[in-house]
Amino acid sequence: MSQLSEILSKNHDQNIEELKELLRIPSISSLSEHKEDIQKAASWIANKLESIGLEHVEIVQTKGHPIIYADWLHQENAPTVLVYGHYDVQPVDPVHLWETPPFEPTIRDEKIFARGATDDKGQTFLHIKAVETLLKLEGRLPVNIKFCIEGEEEIGSPNLPQFLSENKEKLACDVAVISDSDMWDRGVPAITYSLRGLCALEISLKTANSDLHSGMFGGGVQNANHLLIQLLSTLHDLNGKVHVDHFYDDVVELTDFEKEQIKALGFNEEKLKKSLGLTDLTGGEDNFPYPERISSRPTLEINGLWGGFQGEGTKTVIPNEAHAKITCRLVHNQNPEKIQGLIKKHLEEHAPKGCTVKVSLQDTGNPFLTPIDSPMIQKAAEAYQNVYGKAPVYKREGGSIPIVSDFSQSLNAPVVLMGFGLPDENLHAPNEHFNLENFDKGILTICSFLELLNK
């Protein structure tokens, strides 16, 4: 490790300048005017991988933006590691809130500010530099390496699942590693071992064939808004539990060790309430602690609700249509399509008299979990310990990254989320940045992980 540290220290400024080159490319995947920039970023990544000694470098054109593949496969009887990352970034609006231009990387306070600095160009770049450093030092790698870097993560990775399905042999690996998450705090590494999945539905409820005059028909016909509220109220009981038959059937309860890990993270309820401007934290199942409710329990949320007159002033009508949007966050072992079916069935069976209900099924994403005691997770924990001098905390994320589950299922391999960002680095927001204290340490941790895999 000391030799690796010396090389990184010697090349630190050059490595930062190379990262700046990548960060200057405005590879915004959601905006068509940046299509050429996406291609430019893909070419930059491919050229860099080739220049450090990776082989079989390809820029694979999809129906959307390209995927870059590269490998180094010369270590017999050693594990194969697949590194996933993405080179596309979020739009930069509102631009006026940036202290410096989003695509002119600037260093201040030992942080590099630019769109993509932490999500995910900066963190992906750490893996490239780790491989380069090991090849410079040893002339070979301790394991076999494959890279799969895409340009559509910020728009939901629409073409990556098909690429995974069609290239299972090419992408076959013993572990997939993703650095697109964060540490727990400064100096406190974390391994995210679970992500919630999701599913979405939309409800349309209809009564009469048009809106009706409330003076002529009020008190005599059904109001679509009233009926929809009545229907939605059947989805939860008074304690916040989802009141849909079989909704919880496949939920796996936390182990005592997992509960202790959650407690060990620490939770300041008063601080959170103050920051959110709330007087209590009583959403969801009130018989579970807040940290468990937001990470380890499934939810059903009404995200949108509309019907009738929406304009300024008053319009005395009885609306004939009302609509709602629902999303669920799902936990390990729950199937999104099954949950959609259960909710649809519930809504149809509980529809009030005098209306018709149409439920449309929308996006889904599978939950993800790699057990804490997985050998790959434990190797990652040891690598963090080696570099940061502190064992990582283990955490479940309440959010969803469906592509993580796609990797796990398509390749039948464990996925390790090794994050090096910090929670306050403004990803997706103005003044996104990456703390440089985790730049060389991140590279060293990845190097340590790769070396530990061959022991």
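1. Let's start at a turn: strand 1 and strand 2 are joined by a hairpin of six residues. Strand 1 (residues 55-60) and strand 2 (residues 67-72) run antiparallel, with four bridges between them. Within this pair, glutamate 55 stands opposite aspartate 71 of strand 2. A word on terms: helices (H or I, at least four residues) and strands (E, at least two) are DSSP runs, numbered from the N terminus, and two strands pair if DSSP finds at least two bridges between them.

2. Please keep in mind that this is a predicted model, in which local features need pLDDT of at least 70 and side-chain atom pairs count only at pLDDT 80 or more, while totals for chains, interfaces and linings use all residues. Residues are numbered from 1 along each chain as its sequence is written, and side-chain values use heavy atoms, with hydrogens and water left out.

3. Next, the domains. The domain assignment, whose bounds come from an automatic or database source, gives domain 1 (1-195 + 367-454) and domain 2 (201-249 + 298-362). Taken over C-alpha atoms, the centres of domain 1 and domain 2 are 41 Å apart. Five residues from domain 1 and seven residues from domain 2 take part in the contact, where contact means heavy atoms within 4.5 Å.

4. How much area is buried between domain 1 and domain 2? The value is about 440 Å², with 59% of it given by carbon and sulfur atoms. Buried area here is the accessible area (1.4 Å probe) that two parts lose on being put together, summed over both. On the domain 1 side, Pro367, Leu369 and Ser400 supply 72% of the area buried against domain 2, more than any other three residues.

5. Four strands form an open sheet in the order 11-13-9-14, with antiparallel pairing. Strand 11 (299-307) and strand 14 (356-365) are at the edges with a single partner strand each, so one side of each has no neighbour in the sheet. On average, neighbouring strands of this sheet are turned by 15° against each other, direction ignored. Axes are lines fitted to C-alpha atoms, for helices over the stretch in contact, and angles run from 0 to 180 degrees between N-to-C directions.

6. The pairings can be followed residue by residue. Strand 11 is joined to strand 13 (residues 321-330) by eight bridges, and the two run antiparallel. Leucine 300 stands opposite cysteine 328 in strand 13, and leucine 305 stands opposite alanine 324. Strand 9 and strand 13 are also antiparallel, over 10 bridges, with leucine 198 opposite arginine 329. When you look at side chains, recall that in a regular strand they alternate between the two faces of the sheet.

7. Which helix lies across strand 9, strand 11, strand 13 and strand 14? Helix 11 (residues 336-349) does, running at about 165° to strand 14. Histidine 346 lies in helix 11 and counts as buried, at 6% relative accessibility. Buried means under 20% relative accessible area, exposed over 50%, and partly exposed in between (1.4 Å probe, protein chains only). Leaving aside neighbours within four places in sequence, histidine 346 is in contact with Thr234, Leu235, His243 and Val244.

8. Helix 8 (residues 256-265) has buried residues in Glu258, Gln261, Ile262 and Leu265. Why do they lie on the same side of helix 8? Because they cover an arc of only 100° around the axis, the arc being that of the directions from the helix axis to the C-beta atoms. These buried residues pack against strand 8 (190-195), helix 10 (290-293) and strand 16 (393-397). Turned away from the buried side, the other face carries the exposed residues Asp256, Lys263 and Ala264. Just after helix 8, glycine 266 takes a positive phi of about 85°.

9. Isoleucine 28, in the loop between helix 1 (2-23) and helix 2 (35-51), counts as buried at 3% relative accessibility. Not counting residues up to four places away in sequence, isoleucine 28 touches His34, Ile38, Val89, Gln90, Pro91 and Phe103. Serine 233 lies in the loop between helix 7 (224-232) and helix 8, and at 48% relative accessibility serine 233 counts as partly exposed.
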